Structure formats: structure tokens, C-alpha cells
Amino acid sequence: MSEPVRPSRYESQKRRDWRAFGEYLINHRPPLSLSRCSGAHVLEFLRHVDRSGKTRVHVATCPFFGCPNPPAPCPCPLRQAWGSLDSLVGRLRAAYEESGGPRESNPFATRAVRLYLRGIRDAQARARGISYKGKKKKGKKDKVAMELDEKTERPAELMQEETQDMRPFQAFSGQFGMGMFGQIMASDTVLYGVGIGTYRL
């Protein structure tokens, strides 16, 4: 008999978060049903959770405001780190839809919640002297630009050898200028690439 599959850490945390939010709805005055929950109630829940954080967030009058590594303790309040709140909202958003809630009325995905999280992120970045900006993902245009850079950075000798090995192709001008070319192979497959020169996406 096979052992039951244990839920992942993410799933376990999502269930705990969902139970905590359910208790918030029950203890609300007056008690709230899930169908009547709105973005305003989510913000109220997040502010309640924020008071039980463990991250020191310096106030504007603190001498360590904007210092990522303060040299001494200070009496500034403890709050939930922005990343923790953002992850919490993501788990609750998924749990809401898994519990049968409609995606179009998901209270955890409202604009008010997004603006609240953005405000927390920016305020903590200033107070704690840190940056929450992650590495920018390379999109399709960035990849094309990288390929162009690699193409133009090749030695002239190598470029000449590659040009001699290639079959003749016809370059044409379109709305992007000297850009696209096609190369007819023996298998009648047409390969499209980017011509050498100025190419704007």
C-alpha cells in the first residue's frame, strides 16, 4: 500500500492562510460570508496581519531611516515584510478560486489590494534602505537585440567565412528598413533571420 502524498510546503502554508482568513471572517463584526467579502475587507485583514510582523521598519524620525544595516537597536515598530504580504495575498488569491470563488470577483486581486501592496513595498524600501526590484526578465525583443549584438561583435574574418558558406539570399526593405531576409535551403525550408544593419523593433 502506497503512502499518502504529503502536501508541499506551499500547499500547507496556503491551507493555514486560508483557515486564518476564514477565522477573520467569522470573528468580523458583523460576521462576513465569503460571497460578501470585498477588497476593503482584504485590506482590513492585511492591516491586522501586519501588526504581528517581525521586520523592523524605521519611521521617518528614526536616525536609522534608510539604513539597511542599523548599527544599534531602535524602538521602531515591527511589521510584516512586503515580500511576506505579497506572498500571502498570492496564496489567498489562489485558495479563493480553488474554493469555488469566481475569478472575476476575486477580492484578493482587486486594484485596491495591488495599490496597497505597492505602497507597502515603496515605503519599506525607503525606510529600510533596500530595493525590491528584481532582475528584469528578458523578453522577445531583448533576445533579438542580444542576437544582433552577438552578430555584429563577431570578427570580420569569421563574418566573411560565414557569408561565403551561405547561399545567396535576397534582402528587401520594408517598414523596418533593411531588416528581414529569407534563405532557401535544399529541403525548401525557409529560414528567416535578421539582416545586418539598423533594425528597430
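Arg103 is exposed, with a relative accessible area of 64%. In this predicted model, the side chain of Arg103 forms a salt bridge with that of Glu97, at an N to O distance of 3.4 Å. A search of the whole structure gives six salt bridges. The protein has 201 residues, and 27% of them are buried.

**Overall architecture**

- The protein contains six helices and five strands.
- Along the sequence, these elements follow the order α-α-β-β-α-α-α-α-β-β-β.
- Helix H1 covers residues 9-27, and helix H2 covers residues 39-50.
- Strand E2 consists of residues 78-79.

**The salt bridge between Glu97 and Arg103**

- Glu97 is partly exposed, its relative accessible area being 28%.
- Arg103, the partner of Glu97 in this salt bridge, has a relative accessible area of 64%, which is over the 50% cut-off, so Arg103 counts as exposed.

- Asp50 belongs to helix H2.
- With a relative accessible area of 10%, Asp50 counts as buried because the limit for that class is under 20%.
- The side chain of Asp50 forms a salt bridge with the side chain of Arg79, with 3.7 Å from N to O.
- This pair links distant parts of the chain, since Asp50 is in helix H2 and Arg79 is in strand E2, 29 residues apart.
- Arg79 is partly exposed, at a relative accessible area of 29%, whereas Asp50 is buried.
- The side chain of Asp50 also reaches the backbone nitrogen of Gln80, at a distance of 2.9 Å.
- Asp50 therefore has a salt bridge to Arg79 and a side-chain contact with the backbone of Gln80, while being a buried residue by the under 20% criterion.

- Asp122 and Arg121 form a salt bridge in which the closest N and O atoms are 3.2 Å apart.
- Salt bridges with shared partners also join Glu11, Lys14 and Glu98 into one network.
- Asp122 is partly exposed, with a relative accessible area of 32%.
- Arg121 is likewise partly exposed, and its relative accessible area is 29%.

**Positive surface patch**

- Arg9, Arg15, Arg16 and Arg19 form a positive surface patch.
- One of these residues, Arg9, lies in helix H1.
- Which class of accessibility does Arg9 fall into? Arg9 counts as exposed because its relative accessibility is 77% and the class begins over 50%.

**Ser33 in the loop between H1 and H2**

- Ser33 is located in the loop between H1 and H2.
- Ser33 is partly exposed, with a relative accessibility of 30%; this value falls between the under 20% limit for buried residues and the over 50% limit for exposed ones.
- The side chains of Ser33 and Ser35 are joined by a polar contact of 3.2 Å.
- Ser33 and Gly22 are separated by 11 residues in sequence, and their C-alpha atoms are 9.0 Å apart in space.

Methods:
Residues numbered from 1 in each chain as written. Predicted model: local features only at pLDDT ≥ 70, side-chain atom pairs only at ≥ 80, totals over all residues. Heavy atoms only, no water. Patch = residues over 30% accessible without salt bridge, like charges linked within 9 Å, V, L, I, M, F, W, Y side chains within 5 Å. Areas by Shrake-Rupley, 256 points an atom, 1.4 Å probe, with all protein chains shown as cover. Salt bridge = Lys/Arg side-chain N within 4 Å of Asp/Glu carboxyl O. Lys, Arg positive; Asp, Glu negative; His and termini not counted. Charge placed at Lys NZ, Arg CZ, Asp CG, Glu CD. Helix = DSSP H or I, 4+ residues; strand = E, 2+ residues; numbered from the N terminus. Buried < 20%, exposed > 50% of the residue type's maximum accessible area, 1.4 Å probe, protein only. Polar contact = N/O pair within 3.5 Å; in protein donor to acceptor, adjacent residues only side chain to side chain.
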